[in-house]
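This report describes how the parts of one protein model are arranged. Look at the sequence and the structure before reading on.

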Amino acid sequence: MDNSHLAGNDDYIEGEERFSQIPCSTLEPMDGTCHIILAQGEGALAVLDLAKKTSSDFWQKTHLAYVPDNIEPNRTSQLQDLNPRWFYEWPTLDAALPHVREIFANSKQGSRLYVTGTHSFIGIIFQQAHNAGIDPYEALAERRGPKTRRIQCVHCKGFMDNVATQPVTCSHCGVLLLVRGHYSRRLAAYQGVCINAEDTSEIPETKELFS
Ligand SMILES: [Zn+2]
């Protein structure tokens with residue numbers, strides 16, 4: 001497939017390892033035998049934009065899954081109106097994951113993957129796709145909604161979703177964490193490292209960075 005449209009976009013999930021990055025761009029129709037589209041929250045709007053560039057036979061071979069995540073307004077009926085061959089809706093990512101794994105396990109060669117929503121959502125879906133052996137070059141991602149991040153505390157190994165500030169207090173062990181640029185595709189999370197190990201009375205100013 002032609003990846004040239006990915007070049008030069010600046011919405012990468014930054015990472016120190018080149019291959020840990022997930023390229024985010026704009027969803028475009030790809031040639032494929034089957035399309036698997038997973039949208040979370042405001043990602044529904046990216047799917048509706050994608051639909052403007054597709055013909056009706058695209059949707060005849062499409063699995064469209066929507067995770068509204070309590071975002072208003074709910075876009076379910078607009079997505080159903082696209083007439084995908086298979087439509088699914090699950091309230092949260094946790095509820096969706098067993099089904100997503102099943103869709104990936106049953107996907108045939110030539111399937112194309114489209115993922116849209118927050119970085120956390122995209123990261124976790126790509127982690128599942130990677131585990132299922134889906135080639136990242138047959139996948140596109142588009143970030144929509146807040147730029148919050150999923151963090152793993154390196155001290156207690158606990159995960160936190162939707163982190164919007166720098167630094168952030170670990171909700172598991174209470175350590176004040178610096179969110180590093182290092183993104184692990186395997187863990188689908190950024191690293192959080194203690195910011196004031198030398199002197200815990202030193203509390204840097206908290207900034208909204210990722211919202
Ligand atoms: Zn912790």
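Which residue is the bridge partner of His35 in strand 2? The partner is Thr62. The model is a predicted one, in which local features need pLDDT of at least 70, side-chain atom pairs count only at pLDDT 80 or more, and totals for chains, interfaces and linings use all residues. Residues are numbered from 1 along each chain as its sequence is written.

**The sheet**

Helices (H or I, at least four residues) and strands (E, at least two) are DSSP runs, numbered from the N terminus. Strand 1 (residues 34-40) and strand 2 (residues 62-67) run parallel and are joined by six bridges; two strands pair if DSSP finds at least two bridges between them. The open sheet has five strands in the order 3-2-1-4-5, with parallel pairing. Strand 3 (86-89) and strand 5 (139-143) are at the edges and have a single partner strand each, so one side of each is left without a neighbour in the sheet. From one strand to the next, the twist averages 10 degrees.

Axes are lines fitted to C-alpha atoms, for helices over the stretch in contact (C-beta atoms, placed from the backbone, within 7 Å), and angles run from 0 to 180 degrees between N-to-C directions.

| Helix | Lies across | Angle |
|---|---|---|
| Helix 4 (residues 93-106) | strand 1, strand 2, strand 3 | about 165 degrees to strand 2 |
| Helix 5 (residues 119-131) | strand 1, strand 4 (111-117), strand 5 | about 155 degrees to strand 4 |

**A buried loop residue**

Ser107 is found in the loop between helix 4 and strand 4. A residue is buried if 20 or more other C-beta atoms lie within 10 Å of its own, exposed if 12 or fewer, and partly exposed in between. Ser107 has 20 such atoms within 10 Å, so Ser107 is buried. Leaving aside neighbours within four places in sequence, Ser107 is in contact with Cys34, Ile36 and Ile134. Ser107 and Cys34 are 73 residues apart in sequence, but 8.1 Å apart in space, C-alpha to C-alpha.

**Helix 1**

The buried residues in helix 1 (residues 43-51) are Gly43, Ala44, Ala46, Val47, Leu50 and Ala51. Seen down the helix axis, they fall within an arc of 155 degrees, so they line one face of helix 1; the arc is that of the directions from the axis to the C-beta atoms. Their cover includes strand 1, strand 2, helix 3 (76-80), strand 4 and strand 5.

Notes: Two residues are in contact if their C-beta atoms, placed from the backbone, lie within 7 Å.
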